[in-house]
Amino acid sequence: MSNAVSGLPVGRGLFYLIVAGAAWGTAGAAASLVYRTSDMGPVALSFWRCAAGLLLLLATRLLRPRTRSAAPEPLARKAVRAGATGLGLAVFQTAYFAAVAATGLAVATVVTLGSGPVLIALGARLTMGERLGRGGATAVVGALAGLGVLVLGGGDATVRPWGVLLAVVSAAGYSLMTLLTRWWGRDGGADASGTTVWTFAVTAVCLLPFAAAEGLVPHTAEPGDVVGLLAYIAAIPTALAYALYFAGAAAVRSATVSVIMLLEPVSAAVLAVALLGERLTASTLVGTALMLGSVAGLALAEARGARRPEGEPVLV
């Protein structure tokens, strides 16, 4: 089955999103290892991720055979699209890395990816007229309860309110990026590869002065490890994952995107415990369950709404 708007088959879009979600889940673990082996800050890490990812995307685009577009996108519209999406990506990525440094990989990832779909649902209601419904309202309450448990419960040193706030800011950037992708994807004619390249170019330019102030070149006793980790971050959870994400998110319903992106916090939490030695307390587990449960409930409610015959009212 194809998506009539974007032209990408829905099955392929689902596969793209699955790979992107799994790849994103490894970015925080790699960032944690960078922090352990150097004094690189989150803004500098985000800049190098975007700059190196941009080079990889440009090289891939040059090597790919060119395909003729049915209706080339106007330059002004392309610039607006890249600028707005690039700003959302800069906030999403940088705040996330800062949250990982402040409160740990597992909590930062769960809060970011748990809050994001709820913010997306609220934004879609305000900007595109999608009704939140009873399931959506329940999801909002559940997500807020999960955040409260994460911040206030247990007193564990790895769960810090400042880090949780940074993760929520990251979720806001992620939501902006996703809503814009959905909005423009409905119109068709957009070049997903070109959009990704320009988005990363805008993000790198936005981050450069702040990264320079923070320090572009880190001090480390293990430069080979740091370079290798940066290369991995640029290649897999950046160039590959974002190219697949932008293509898939334009073809697949937002409810489905939200469910698939849960692969990131799940895989990141597993890596945090198995490889990085982070400890998940009871309060963290309860907060995680509340947030992921609220997102799953929201996705199921939206999926039921999509199957409802046209004209049947939505329960609110």
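This is a predicted model: local features need pLDDT of at least 70, side-chain atom pairs count only at pLDDT 80 or more; totals for chains, interfaces and linings use all residues.

Colleague: Which residues form the nonpolar patch on the surface?

Modeller: Leu87, Val91, Trp162, Leu165 and Val169. Together they have about 470 Å² of accessible area.

Colleague: And which elements give two or more residues to it?

Modeller: Helix H4, residues 75–103, and helix H7, residues 161–185.

Colleague: Where does Trp162 lie?

Modeller: In helix H7.

Colleague: New topic. At what angle do H3 and H9 pack?

Modeller: About 65 degrees, with the axes 8 Å apart. H3 covers residues 42–63, and H9 covers residues 223–249.

Colleague: Is their crossing left-handed or right-handed?

Modeller: The crossing of H3 and H9 is right-handed.

Colleague: Which residues make the contact?

Modeller: From H3, they include Leu45, Arg49, Ala52 and Leu56. From H9, Leu230, Ile233, Pro237 and Tyr242 are among them.

Colleague: How do the contact residues of H3 with H9 divide?

Modeller: Into 12 nonpolar, 2 polar and 1 charged.

Terms used
Residues are numbered from 1 along each chain as its sequence is written. Side-chain values use heavy atoms; hydrogens and water are left out. Axes are lines fitted to C-alpha atoms, for helices over the stretch in contact, and angles run from 0 to 180 degrees between N-to-C directions. Helices (H or I, at least four residues) and strands (E, at least two) are DSSP runs, numbered from the N terminus. A crossing is left-handed if the near helix is turned anticlockwise from the far one by less than a right angle, and right-handed if clockwise. Contact means heavy atoms within 4.5 Å. Ala, Val, Leu, Ile, Met, Phe, Trp, Tyr, Cys and Pro count as nonpolar, Asp, Glu, Lys and Arg as charged, and the others, Gly among them, as polar. Patches are made of residues with over 30% relative accessible area and no salt bridge: like charges are joined within 9 Å, nonpolar side chains (Val, Leu, Ile, Met, Phe, Trp, Tyr) within 5 Å. Accessible areas come from the Shrake-Rupley method with a 1.4 Å probe; for residues, only the protein chains shown count as cover. A salt bridge is a side-chain nitrogen of Lys or Arg within 4 Å of a carboxyl oxygen of Asp or Glu.
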